[in-house]
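Let us go through a model together, taking one feature at a time and asking how each is to be read.

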Amino acid sequence: MTQKVTITIDGKTIELPVLEATEGLNVVDVRGLIKEGVFTFDPGFLSTASCESRVTYIDGDAGILMYRGYPIEQLAKHSNHLEVAYLLLNGELPNNSQYLEFESSIKSHQTIDPHFQQMFQGFKQGAHPMSMISAALAGLASLYHDNTDITKPEDRMLTAHRLIAKIPTLAAIAYKHGRGEKYIEPNPELSYAENFLHMCFGTAGEASTVSPTIAKAMDRIFLLHADHEQNASTSTVRMAGSSDCNPYAAISSGATALWGPAHGGANEAVLKMLNEIGDVSRVGEFVKKAKDKSDPFKLMGFGHRVYKNFDPRATVMQESCHDVLAEQGVEDDPLLEVAQALEKIAREDEYFIERKLYPNIDFYSGITLKAVGIPTELFTVIFTLGRMPGWITHWNEMLSAPYKIARPRQLYLGESKRDYVSIGSR
Ligand code: CMC
């Protein structure tokens, strides 16, 4: 059914078309309003669709997340991160030979130019790995600036393969640099997640000793983070990319947007918060702080802009979290006791129930990553690694159809025109 929305501006009635979505809410097309002399106002994009997309669908009230139509629970159970990356990029699941070809292409792009690796030496040892990763991603532009034609689909796909292949290597180098250790070269014999763990925790020249349970949990973390439609970092990639900048630079801007604690930095913030709480006896005090409107403190790992029921990724992640804790034998970790007590109190508290604040994926991924032995400051780097297929798919989707440079307008509330007064007369 074709819908229309009618609005009246200064007595003039204007009809706005409504664009039909295949799933979810339809969208009022306000593009014609500028001709009528008004803008719409929607800070934080609470009611605004910024683009058309065919990649990922979220129904926050029903707790549904689908990549290219496939429910996240099915993908987490039956697929793996590389297959999901192929799905996101190409729109369909690969057959056997397509999968092998994709995997082999990713493996062929895993190494990082030795000269380029030297850029990490410019960072002090304790530098936050997200600063190294965002710099390194933008730095890749220097290697491919003159030979990437973003108008060519094959160049865009090559860029996507390179980024998905190189991000684990860059992440592992950032980790090793932080510890003052020698980098370990990628091992093409290993799966995507095993190779990342080997480059972080293995020994150069020695066979991988990565546990299959941990490799599976890590792959699941990557897969669950692979895309999340128009979140802050993905929208940043689209916005930067809309100026036709180098794709590595656009992706780097996504990584910097991800870094904040309200987005990808939340998994790191969860662990910091659990450490600060320190003991189960102090959980009540922190819940009280989170509810106090005069205190800026929020419970990290709780709440979501879109999920107002439960985060389906959190349900799957909780399962992997328990598998890892059981294998690592760290179920008695005091921090995990704090996490469990916090989850229980928050789920029963009227404040959290009323506002539909549930534990999100970062709550469980943070705890899992800690159990795996990943240092806290690397958590957002892991999110970056997982989100790479989503970012590059959205960039490619935007460039594959006509697009305009993103240029929001504003509600100006500053001074009206006034005359300059010389400094001595002020
Ligand atoms: N602890 C305490 N109160 C909260 C929390 C929280 N974690 N989150 C939201 N609220 C309150 C908020 O104060 C507001 O209360 P009131 O209606 O009385 O003013 C109400 O709940 C609605 O919150 P909001 O800030 O309007 O919600 P939002 O959609 O703008 O923000 C959020 C979503 C994720 C930024 C926010 O919930 C938050 O800061 N959570 C903690 C950080 C976190 O875990 N972020 C990871 C998100 S998942 C990873 C990802 O996909 O990027």
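Q: At what angle do the axes of helix H11 and helix H14 cross?

A: Two packed helices are described by the angle between their axes and the distance between the axes. In this predicted model, local features need pLDDT of at least 70 and side-chain atom pairs count only at pLDDT 80 or more, whereas totals for chains, interfaces and linings use all residues. Residues are numbered from 1 along each chain as its sequence is written, and side-chain values use heavy atoms, with hydrogens and water left out. The axes of H11 (residues 266-277) and H14 (residues 334-348) cross at roughly 100° and come within 9 Å, which makes H11 roughly perpendicular to H14 (the class for angles of 65 to 115 degrees).

Q: Which residues of H11 and H14 make the contact?

A: With contact meaning heavy atoms within 4.5 Å, H11 contributes Leu271, Met273, Leu274, Asn275 and Ile277, and H14 contributes Leu335, Val338, Ala339 and Leu342. By class, these residues divide into eight nonpolar, one polar and no charged.

Q: Which residues come nearest to the ligand?

A: Of the 22 residues around the ligand (a heavy atom within 4 Å), those that come nearest are His263, Leu299, Gly301, Arg305 and Asp362. The protein buries 76% of the 940 Å² that the ligand exposes when taken alone (Shrake-Rupley method, 1.4 Å probe).

Q: Where is phenylalanine 45 placed?

A: Most residues other than glycine have a negative phi. Phenylalanine 45, although not a glycine, has a positive phi of about 55°, and its place is in the loop between strand S3 (27-28) and strand S4 (56-59).

Notes:
Axes fitted to C-alpha atoms, helices over the stretch in contact; angles between N-to-C directions. Helix = DSSP H or I, 4+ residues; strand = E, 2+ residues; numbered from the N terminus. Parallel < 35°, antiparallel > 145°, perpendicular 65-115°, else oblique. Nonpolar A, V, L, I, M, F, W, Y, C, P; charged D, E, K, R; others polar.
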